[in-house]
Amino acid sequence: LYFALSLFYFILYYSHNSQNAWHFAFYCALVFVVGYILNEIITRIYLNGEIAYFKVQICWNKNQNTLCFKNIFMHFYYVIFSNLIVYGLGYFVGFCLLLIAFFKYASVRKLPILCVLFLLEMAPFILTFYSGEVDQALRSQLTLPFVIAANCGLALYYLPQKSLAKMLAIFAVVAIFLQQMHSVFRLQYAENLRFQNDILLAMRIEMELAQNNWEPSKPVVFVGSVAPRLNSVSAIGHYVGLPISQFGRMHDFMQSMGFPIVDGNHQQKEIAWKHSPKMKTFPQKGFVENLGDFYAIKLGEPIVSPE
């Protein structure tokens with residue numbers, strides 16, 4: 001996000017004072033380095049020495065650099081053509097407005113500013129290389145709405161005052177804003193509905209455990225995950241609206257909600273996975289079983305073996 005913000009202000013600065021623009025770029029880079037160092041220090045203190053996390057922070061899963069670069073362009077493709085990314089239409093329309101306004105009305109069209117414009121458009125996808133994945137979580141897309149706003153702002157900046165082109169551009173910007181606002185509201189509604197369903201599931205699990213003579217000190221192992229229970233008003237995008245159990249974090253969720261459950265070890269998870277074909281599946285009666293030294297809960301059909 002800082003990278004995109006610096007590029008945006010560099011374009012404005014370069015348009016007025018191209019002689020000192022590179023001094024401005026140096027100061028932006030210096031602030032970035034200082035901010036990055038402070039972020040590393042704070043993160044390491046917060047994680048309390050979990051160095052293994054940092055070893056895989058660049059290109060997670062140890063993907064090759066060529067694959068990560070390929071994923072950047074795949075991510076770009078998904079933003080433009082996939083309905084799963086709520087800002088795709090806004091990014092495409094804003095980018096087209098900027099191209100038309102820049103090449104037709106901009107007074108400065110030198111190679112440096114063209115390169116900076118290209119970097120600005122690619123800023124939302126740099127995190128793809130950082131993590132090595134194409135399907136990013138929604139929190140990693142905070143840069144994308146800013147770049148959309150920057151595209152629209154630069155397009156209006158280049159267009160001449162009191163012209164028909166500027167009036168049409170303002171109309172397009174307002175349409176983009178309303179479309180994105182509608183998408184965000186649908187996502188927020190889906191996330192609220194997802195949270196309610198997860199709470200109801202946790203309460204149902206607690207009731208079933210109580211009927212199986214629940215001992216809070218005995219571990220609980222979950223198998224599979226429940227399907228999303230949403231309506232037509234809600235929308236799923238970048239994991240928003242998906243049940244927490246689909247990410248294997250049902251233990252964390254229930255513990256954060258005050259349910260005193262203990263996670264099982266790897267051997268118990270393997271036993272539960274092998275025993276799961278004999279069990280009932282949620283919401284059927286009997287989806288919780290006491291397997292001696294731990295409880296097995298089958299939320300859905302298992303996909304991946306714990307091995």
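Lysine 285 and glutamate 208 form a salt bridge (a side-chain nitrogen of Lys or Arg within 4 Å of a carboxyl oxygen of Asp or Glu), and their closest N and O atoms are 3.5 Å apart. Lysine 285 sits in the loop between helix H11 (266–275) and strand S3 (288–290), while glutamate 208 belongs to helix H9, so the pair ties together parts that are 77 residues apart in sequence. Helices and strands here are DSSP runs numbered from the N terminus, with at least four residues of H or I for a helix and at least two of E for a strand. The model is a predicted one: local features need pLDDT of at least 70 and side-chain atom pairs count only at pLDDT 80 or more, whereas totals for chains, interfaces and linings use all residues. Residues are numbered from 1 along each chain as its sequence is written, and side-chain values use heavy atoms, with hydrogens and water left out.

Burial is stated as relative accessible area, where buried means under 20%, exposed over 50% and partly exposed in between (1.4 Å probe, protein chains only). Lysine 285 is exposed at 54%, and glutamate 208 is buried at 5%. Glutamate 208 also forms a salt bridge with arginine 204, where the closest N and O atoms are 3.4 Å apart. Both of these residues lie in H9, four residues apart, or about one turn of the helix. Arginine 204 is partly exposed, with a relative accessible area of 25%.

The structure holds five salt bridges. Another of them joins the side chains of glutamate 191 and arginine 194, at 2.5 Å from N to O. These two residues are also in H9 (residues 164–211), three residues apart, about one turn of the helix. Glutamate 191 is partly exposed at 25% relative accessible area, but arginine 194 counts as buried at 11%.

H9 is followed by asparagine 213, whose phi is positive, near 55°.

Next comes the sheet. Strands of a sheet pair through backbone hydrogen bonds, either parallel or antiparallel. Here four strands form an open sheet in the order S2-S1-S4-S3, with mixed pairing; two strands count as paired if DSSP finds at least two bridges between them. Strand S2 (262–263) and S3 are the edge strands, each pairing on one side only. Strand S1 (residues 219–223) runs parallel to S2, and two bridges join them. Valine 220 has aspartate 263 in S2 as its bridge partner.

H9 packs on this sheet, touching S1, S3 and strand S4 (295–298), and its direction makes about 140° with that of S4. H11 packs on the sheet as well, touching S1, S2, S3 and S4, at about 45° to the direction of S1. Contact means heavy atoms within 4.5 Å; axes are lines fitted to C-alpha atoms, for helices over the stretch in contact, and angles run from 0 to 180 degrees between N-to-C directions.

Isoleucine 205 is found in H9 and is buried, with a relative accessible area of 0%. Leaving aside neighbours within four places in sequence, isoleucine 205 is in contact with Phe222, Met250, Met254, Phe287, Ile297 and Leu299.
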